[in-house]
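Here are some friendly notes to read beside the model. Take the points in order and find each place as you go.

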Amino acid sequence: MVTSIAVGATSDCRMFQVAELPVRLTHNKLIVDGELNGHKIGIVLDTGATRTLIFRSAAERLGLRRDRVRGVRMFGIGGETDVESTLVDEIKIGKATRKSWRMLVGGEHEFGEDMDVLLGNDFFHNLDVEFDLSHAAVRLYQPKDCDGVSLAYWAPNIAQQVDLEPVDESRPQMRFTVKVNGQPLRALLDSGAGISLLDSSTAANLGVTPSTPGVVAVGAGSGLGRKKVEYWIGPFQSFSIGDERIADTSIVFGDLFRDAKYAPQGSQVMVKVGGAAAMLLGVDFLRAHRMLVANSQRKIYFTYAGGPVFQRVSPPPAVDTGR
């Protein structure tokens, strides 16, 4: 049964709920339980990924036959990963089932038995997506007659909003503008990143480097690629998104794109950090907010839910599952 929410007292806007995905946090990743060919699996919700895939370690563990894919290259934090494909007889995500799905396979590390499939933005970008982590839920909607109406149904009069950039259908990503130290930056909403990250070149332009007083090394993290990236945490004067502003905060930074550069040679290229996003807003940001990504309106609505916006971790978890 499809449920709906009436939005706006004087409008005909209704939001039809397509699904509610119960989520749990594992190593600051958003995990949904599912099944693949009858085996229980963990599905990572990753809005920063442009494509859904099975981790290679999971494909090996589940005994899936893999075929080499030609003409496709995949990059992310940590560099390039080899791309394969496999034919899945049946996969269940929440209450949804899909049969005979040829899925991509990638990843150069063991991500753990609770992380088997990465559900990317190719799944999310045609729906409106609500992150309500204080209630351990991610909800999917299809709105109707909602042009010009605030879709933050839980707090329509106090929700902040920010415009989403136009979507690239071939590499859909949730990109928008934030400000750090008053400077506008392109950011990517990345639910696959355990913590929010600044690119080190951007941090340097803002006057923060590994040698800046108060900066502390916090270890290394990895994504789909083979290489690890070193991270530091440093002080910044301010961060703002919409009308929300945080003064005197600390943000983790690293050379996110060092090993994610490529020379196009006629192949299809999928790059998680495509479009040179200067900042990734990760699960720490989502935990501190209730947020609706209104792809139907190209807007994000959000309210502060409490707690630190940027988590201070030492060392950081394996940040970003790359693309």
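1. Let's begin with a term: buried means under 20% relative accessible area, exposed means over 50%, and partly exposed lies in between (1.4 Å probe, protein chains only). This is a predicted model, in which local features need pLDDT of at least 70 and side-chain atom pairs count only at pLDDT 80 or more, while totals for chains, interfaces and linings use all residues. Residues are numbered from 1 along each chain as its sequence is written, and side-chain values use heavy atoms, with hydrogens and water left out.

2. Now look at Arg 290. With a relative accessible area of 16%, Arg 290 is buried. Its place is in strand 24, residues 289-294; strands (E, at least two residues) and helices (H or I, at least four) are DSSP runs numbered from the N terminus.

3. What does the side chain of Arg 290 make a polar contact with? The partner is the side chain of Glu 130, at 2.8 Å. A polar contact is a pair of N or O atoms within 3.5 Å; within protein, one must be able to donate a hydrogen and the other to accept it, and residues adjacent in sequence count only if both atoms are side-chain atoms. Leaving aside residues up to four places away in sequence, Arg 290 also touches others, including Phe 131, Tyr 153, Trp 154 and Tyr 301. Contact here means heavy atoms within 4.5 Å.

4. Step back to the protein chain. It has four helices and 25 strands, and buried residues make up 56% of its 323 residues. Of the contacts with a separation of 6 or more, 69% are between residues 24 or more positions apart.

5. Next, the cysteines. Cys 13 and Cys 146 form a disulfide with their sulfur atoms 1.9 Å apart; the rule asks for a pair of cysteine sulfur atoms within 2.5 Å. Cys 13 lies in the loop between strand 1 and strand 2, and Cys 146 in the loop between strand 14 and strand 15, so the pair ties together parts 133 residues apart in sequence. Cys 13 is buried at 2% relative accessibility, and Cys 146 is buried at 6%.

6. Finally, follow strand 10 (residues 84-93). Strand 10 pairs with strand 11 (residues 96-106) in the antiparallel sense over nine bridges, where pairing needs at least two bridges found by DSSP. These two strands form a hairpin with two residues between them, and Gly 94 in the turn has a positive phi of about 60°. Strand 10 also runs antiparallel to strand 4, joined by three bridges.
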